[in-house]
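Visitor: Could you guide me through the polar and charged contacts of the model shown below?

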Amino acid sequence: MDENCIFCKIIKGEIPSNKVYEDEYVLAFKDLHPVTPVHVLIIPKIHIQDLEHVDETNSVYTQKCQEAFKKVASECGVAESGYRVICNCGEDGGQEVKHLHYHLLGGQKLGTKIVHE
Ligand code: AMP
Ligand code: ZN
């Protein structure tokens, strides 16, 4: 855990969150500033900075995040309608919080464009 990391504080319960799903490896909670009707963040329950810091010592956590996506989607009612998972990495990727997280977006048609024109 990184004591200055906002998502580590959420994992420890020092900052409140609106939890959607939790297990031994993963926490999922609603984004504070949703951009779609369903906007949930899925995070590993250890401090991994970003995708560049995933390796064989911690990848069980990213595997468990992958397994959690459909559970979160089901919990939020978008398993049938569909959703998008985004993981921003580093400066050009637009990552603001330096604790690996996946955005699960849904509840509306998202279109086919991934990058703004
Ligand atoms: P990113 O730009 O990929 O790093 O996304 C960070 C996301 O974290 C943004 O969508 C924020 O709205 C969200 N966020 C920041 N602080 C909190 C918080 N305390 N609870 C929930 N979501 C948060
Ligand atoms: Zn952290």
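**Contacts and charges**

Guide: Leaving aside neighbours within four places in sequence, His-103 is in contact (heavy atoms within 4.5 Å) with Asp-31, His-39, Val-40, Leu-41, Arg-84, Val-85, Ile-86 and Asn-88. This is a predicted model, in which local features need pLDDT of at least 70 and side-chain atom pairs count only at pLDDT 80 or more, while totals for chains, interfaces and linings use all residues. Residues are numbered from 1 along each chain as its sequence is written, chains are lettered from A and ligands numbered from 1 in the order in which they are written, and side-chain values use heavy atoms, with hydrogens and water left out.

Visitor: Which side chain does the side chain of His-103 join in a polar contact of 2.8 Å?

Guide: His-103 is found in strand E5 (residues 102-106), strands being DSSP runs of at least two residues and helices runs of at least four, numbered from the N terminus. His-103 is buried, with a relative accessible area of 15%, where buried means under 20%, exposed over 50% and partly exposed in between (1.4 Å probe, protein chains only). A polar contact is a pair of N or O atoms within 3.5 Å; within protein, one must be able to donate a hydrogen and the other to accept it, and residues adjacent in sequence count only if both atoms are side-chain atoms. The partner of His-103 in that contact is His-39.

Visitor: How far from Asp-50 is the nearest side chain of opposite charge?

Guide: Asp-50, in the loop between strand E3 (38-44) and helix H2 (59-75), has a side chain that joins that of His-53 in a polar contact of 2.8 Å, and a polar atom of the Asp-50 side chain lies 2.9 Å from the backbone nitrogen of Glu-52. Lys and Arg count as positive and Asp and Glu as negative, whereas His and the chain ends are not counted. A salt bridge needs a side-chain nitrogen of Lys or Arg within 4 Å of a carboxyl oxygen of Asp or Glu. Asp-50 is buried yet has no salt bridge, and the nearest side chain of opposite charge, Lys-98, is away by 7.1 Å.

Visitor: How many residues apart in sequence are the parts that Lys-45 and Glu-22 tie together?

Guide: The side chains of Lys-45 and Glu-22 meet in a salt bridge (2.8 Å, N to O). Lys-45 lies in the loop between E3 and H2 and Glu-22 in strand E1 (residues 19-22), so the parts tied together are apart in sequence by 23 residues.
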